[in-house]
Amino acid sequence: MQPSLFTRVAAVEAELSAMRDMLAELKVNQDELRRDRDEWRWRAERLLADLQQGAWGRWWNRASAALDAVTASFCALLADAHNKLSEMKAHRDELRQVRDQWRSRAERTSTD
């Protein structure tokens with residue numbers, strides 16, 4: 001006895017659904033593979049660029065980065081020193097004013 005038409009259609013629909021699920025999984029896997037491929041391509045290009053620079057180029061990049069860090073530290077130190085000198089100058093002017101006021105009072109009291 002042959003299965004009915006509805007039974008066969010249901011079986012075909014079940015297979016179709018399974019194939020759609022499999023296709024969705026394949027698309028996800030393909031996207032993951034593309035991302036991996038792109039990442040590996042980027043790494044390979046980066047390594048190739050490093051190799052093309054040679055040892056001197058790599059050394060120069062490291063030295064330049066270290067010098068940039070030292071220069072930034074030195075600039076910060078200079079800015080701090082400038083600020084401290086400005087503060088000292090301001091305090092010096094205040095001390096001179098106090099000294100002058102004290103002298104003028106002392107002169108007034110000695111002349112009186």
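**Entry: a salt bridge to begin with.** I started at Asp 31, which makes a salt bridge with Arg 34, their closest N and O atoms being 4.0 Å apart. The term stands for a side-chain nitrogen of Lys or Arg within 4 Å of a carboxyl oxygen of Asp or Glu. Both Asp 31 and Arg 34 sit in helix H1, 3 residues apart, or about one turn of the helix. I noted that Asp 31 is partly exposed at 37% relative accessible area, and Arg 34 is partly exposed too, at 39%. (Buried is under 20% relative accessible area, exposed is over 50%, and partly exposed is in between, with a 1.4 Å probe and protein chains only.)

**Entry: what I'm looking at.** This is a predicted model, where local features need pLDDT of at least 70 and side-chain atom pairs count only at pLDDT 80 or more, while totals for chains, interfaces and linings use all residues. Residues are numbered from 1 along each chain as its sequence is written, and side-chain values use heavy atoms, leaving out hydrogens and water.

**Entry: other salt bridges.** How many salt bridges does the count come to? I get 4. One of them joins Arg 37 and Asp 38, with the closest N and O atoms 3.1 Å apart. Another is between the side chains of Arg 99 and Asp 100, at 3.4 Å from N to O. Arg 99 is partly exposed at 37%, and Asp 100 is partly exposed at 40%.

**Entry: the overall shape.** Helix H1 covers residues 5-111. The C-alpha trace spans about 140 × 45 × 10 Å along its principal axes. The radius of gyration, taken over C-alpha atoms, is 41 Å, whereas a compact globule of 112 residues would have one near 13 Å (the globule rule is 2.2 Å times the number of residues to the power 0.38). Buried residues make up 2% of the 112.

**Entry: Trp 42.** Is Trp 42 buried or exposed? I have Trp 42 down as exposed, because its relative accessibility is 54%. Trp 42 has its place in helix H1. From Trp 42 to Asn 29 I count 13 residues in sequence and 20 Å in space, C-alpha to C-alpha.

**Entry: Leu 23.** My last stop, Leu 23, is also found in helix H1. Leu 23 counts as partly exposed, because its relative accessibility is 45%.

Key:
Helices (H or I, at least four residues) and strands (E, at least two) are DSSP runs, numbered from the N terminus.
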